[in-house]
Amino acid sequence: MKKLRMVLSIALAAVTLGAFAACGPIYDKVDEKDLSRWIVKFTCDYPSDMKEGGVEYSLLALKEMNWNSSDFTITIPYDPEYAEKANADIEFTLEPKTEFYYRKDNGQKVLVDSLNTEKDYYFMRDGLYHFNEDDGKMHNVVRIFRRGEYELDYIFGSDFTPIDTPKNVICCPGIKIVVE
């Protein structure tokens, strides 16, 4: 009888542990290679040629635009007030704001920050460059507030390196911003 109780106790413990293991975290499934599912919404706080409410592009569309040399371009009319704002506030920039979504199988868009995935995914600014007409070259700049043509590069990937950049880079799209 003691042996039967011991066997039943061990079996019950094994079943209980197995049940707990099966109830582990449930992750949202994402296809990180299907760039048509990763959506970026661009909005601008200042007058521009973007429609009200902003525009959305998949990373695939942005990548294809880059390949075809027809980058997504935002045109912003220049206002001398921008230089004054930039002098008064080091954080001032005419860069668009971004929201990053993932489109699930059912078509629902979910903010990437709201997904429960095994890895963390990041879409972030990688570099900002200004075209200098004097020397015909692109130069790295910190923000946009003057007239000119700018290239804003982003990076999409997972996991961070010690220097705060994604180490598993999946895509590096870019856009143009023209302040005229």
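The following legends describe views of a predicted model of a protein chain.

**View 1. Overall composition of the protein chain.** Three helices and 10 strands make up the secondary structure of the chain. Read from the N terminus, the elements follow the order α-β-β-α-β-α-β-β-β-β-β-β-β. Of the contacts in the chain with a separation of 6 or more, 60% are between residues 24 or more positions apart.

**View 2. Surface and burial of the protein chain.** The chain comprises 180 residues, 30% of which count as buried. Its accessible surface is about 11700 Å². Carbon and sulfur atoms contribute 52% of that surface.

**View 3. The open sheet of four strands.** The strand order is S2-S1-S4-S5, and the pairing is antiparallel. Strand S2 (55-58) and strand S5 (109-111) form the edges, each of them pairing on one side only. From one strand to the next, the twist averages 35°.

**View 4. Pairing of strands S4 and S5.** Strand S4 spans residues 97-103 and pairs with S5 in the antiparallel sense. Three bridges connect S4 and S5. Lysine 109, in S5, is the bridge partner of arginine 103. Strand S5 (109-111) is also one of the edge strands of the sheet.

**View 5. Helix H2 across the sheet strands.** Helix H2, formed by residues 59-67, lies across strand S1 (38-43), S2 and S4. Helix H2 runs at about 80° to S2.

Terms used:
Residues numbered from 1 in each chain as written. Predicted model: local features only at pLDDT ≥ 70, side-chain atom pairs only at ≥ 80, totals over all residues. Heavy atoms only, no water. Pairing = 2+ DSSP bridges. Helix = DSSP H or I, 4+ residues; strand = E, 2+ residues; numbered from the N terminus. Axes fitted to C-alpha atoms, helices over the stretch in contact; angles between N-to-C directions. Contact = heavy atoms within 4.5 Å. Buried < 20%, exposed > 50% of the residue type's maximum accessible area, 1.4 Å probe, protein only. Areas by Shrake-Rupley, 256 points an atom, 1.4 Å probe, with all protein chains shown as cover.
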